[in-house]
Amino acid sequence: MYPLHVSQGKGTKKDQHVNMCVCVCYVVLLLQDEEISCFRDIKPGAPHHYLVVPTKHVGNCKSLTKDHVPLVKRMVDKGKEILEKNNITDLSDVRFGFHWPPFCSVTHLHLHVLAPASQMGFMSRLFYRLNSYWFITADQLIDLLNSKGETN
């Protein structure tokens, strides 16, 4: 197990009390490089449920800009890599996505990788539902970010 330090909050007066807090979670890292870490979700919604997170703090998906598209794509690639290591080859039965604020329990960007999606239970199908107000696929997020036009 390795400690994964995720800071919460950022810069505003309202969040100053949160800036002082650091969430320290102990997880078993399955994959890691300088930018991205991957570990199992503690409440799995499918037989294979992984979280892919940037090592540096990045806010939730609603705070992203077009400049974050390469990061999101690398997160998806890392998700595919962990699936491949676990002999999941049918990517048509995989769900890659993010919870859309305010439906996130953590303010650090994290990609859910769920497989096989066909084996998700009733509640998981609800929590990770396609075309809902609370869950957006990685492809939908990339399209949304690309449509934002030029960044500042």
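Q: What makes a residue buried or exposed here?
A: Buried means under 20% relative accessible area, exposed over 50%, and partly exposed in between, with a 1.4 Å probe and protein chains only. This is a predicted model, in which local features need pLDDT of at least 70, side-chain atom pairs count only at pLDDT 80 or more, and totals for chains, interfaces and linings use all residues. Residues are numbered from 1 along each chain as its sequence is written, and side-chain values use heavy atoms, with hydrogens and water left out.

Q: Why is F122 called exposed?
A: F122 has a relative accessible area of 67%, and exposed means over 50%, so F122 is exposed.

Q: Why is D41 called buried?
A: The relative accessible area of D41 is 13%, and the limit for buried is under 20%, so D41 counts as buried.

Q: What makes H112 a contact of D41?
A: Contact means heavy atoms within 4.5 Å, and, leaving aside neighbours within four places in sequence, D41 is in contact with H112 as well as with H49, Y50 and L51. The C-alpha atoms of D41 and H112 are separated by 8.3 Å, although these residues lie 71 residues apart along the chain.

Q: How do you know which residues of the protein are joined by its contacts along the sequence?
A: Among contacts between residues at least 6 apart in sequence, 58% join residues at least 24 apart.

Q: How many of the residues of the protein count as buried?
A: Of its 152 residues, 41% count as buried, D41 being one of the buried residues.
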